[in-house]
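Biologist: Please show me the model. I would like to go through its cores, surface and strands.

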Amino acid sequence: MNFETIQVEVNQGVGIITLNRPKAMNALNVTLTREVGEAVDAFERDDNVGCMIITGGEQVFAAGADIKEMKDQNFVDLYSRDFPYIQRDCWRAIDDARKPIIAAVAGFALGGGCEMAMACDFIIAADSAKFGQPEIGIGTMPGAGGTQRLTKAVGKAKAMELCLTGRMMDAEEAEKAGLVSRIVPAAELAEQAFKTARKIAGHSRPVVMLVKEAVNMAVDADLQDGLKFERRTFEATFAFEDCKEGMAAFAEKRKPEFKHC
């Protein structure tokens, strides 16, 4: 896969997407978001990939949407083409992916950058990470999940404050609020994100997909519906060869050899 604004690689079952517009602090434009969507779709179809990482590298994740590209748009432009400047298909690809996607965030994840990180299944943050939805400061508002995913992640009060003031929160505050799963030293972000993704990719892939589906179910379902879904998916794992192999390996005190079926 050859791309203009991102770099991609597959390493030990992990598909890695690195945003690559360093001169623009990885600002999201039509090309970048389209390419991210294409890369996610390609990794989703690749049987050699069991987990994905989206990262911006060591200095910055993404400092928001590309205002230079967006500033001349009007309501008719945006509405008729359904948010073209950040490519709705990018968010569809991330949302629809059945394989887990980790956001590895260092430096700024602001505006659309924060929204892209939140669209992933979980965030591992460097101690340098800063998150925010600063759109209010330029006379607009979040438009790709900032008011919705942020509220689900951190609650109404904090989401309301962040969206209304535009202030940033650092990695420590983001972890305490529940936005990120954990914080690692900036120098270790790539290694730790890869180690986590490699561990996920090494598990039974159909079971990993069921776990992701069940956890996502908990976000919107009431408890009883969620518990019923969990029971049914738990029972379904017993149809997999991987389940038999995993239990046999445990009993025999050896490492399982999953066939992903």
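The questions and answers below take up these topics in turn.

Modeller: This is a predicted model, in which local features need pLDDT of at least 70, side-chain atom pairs count only at pLDDT 80 or more, and totals for chains, interfaces and linings use all residues. Residues are numbered from 1 along each chain as its sequence is written, and side-chain values use heavy atoms, with hydrogens and water left out.

Biologist: Which residues touch the most other members of the largest nonpolar core?

Modeller: A nonpolar core is a set of buried Ala, Val, Leu, Ile, Met, Phe, Trp, Tyr and Cys residues joined through side-chain atoms within 4.5 Å. Buried means under 20% relative accessible area, exposed over 50%, partly exposed in between (1.4 Å probe, protein chains only). The largest core has 45 residues, and those touching the most other members are V36, V40, I54, M116, F131 and L179.

Biologist: How many residues are in the second, separate core?

Modeller: I53, A104, I124 and V208 are included in it. The count for this second core is 17 residues.

Biologist: Is M169 buried or exposed?

Modeller: M169 lies in strand β8; strands (E, at least two residues) and helices (H or I, at least four) are DSSP runs, numbered from the N terminus. Beyond four places in sequence, M169 touches A129, K130, F131, L150, V154, K158, L162, A174 and L179, where contact means heavy atoms within 4.5 Å. Its relative accessibility is 1%, so M169 counts as buried.

Biologist: Why is one side of β5 and of β8 left without a neighbour in the sheet?

Modeller: The open sheet has three strands in the order β5-β7-β8, with mixed pairing; two strands pair if DSSP finds at least two bridges between them. β5 (108-110) and β8 (169-170) stand at the edges, so one side of each lacks a neighbour because each has a single partner strand.

Biologist: Which residue in β7 is the bridge partner of F108?

Modeller: β5 and β7 (residues 130-132) run parallel, joined by three bridges. In β7, the partner of F108 is K130.

Biologist: Which residue stands opposite Q7 in β2?

Modeller: Strands β1 (residues 6-11) and β2 (residues 14-19) run antiparallel, with six bridges. They form a hairpin with two residues between them, and Q12 in the turn has a positive phi of about 50°. Opposite Q7 stands T18.

Biologist: What is the relative accessible area of Y79?

Modeller: Y79 lies in helix α3 (residues 75-80). Y79 is exposed, with a relative accessible area of 64%.
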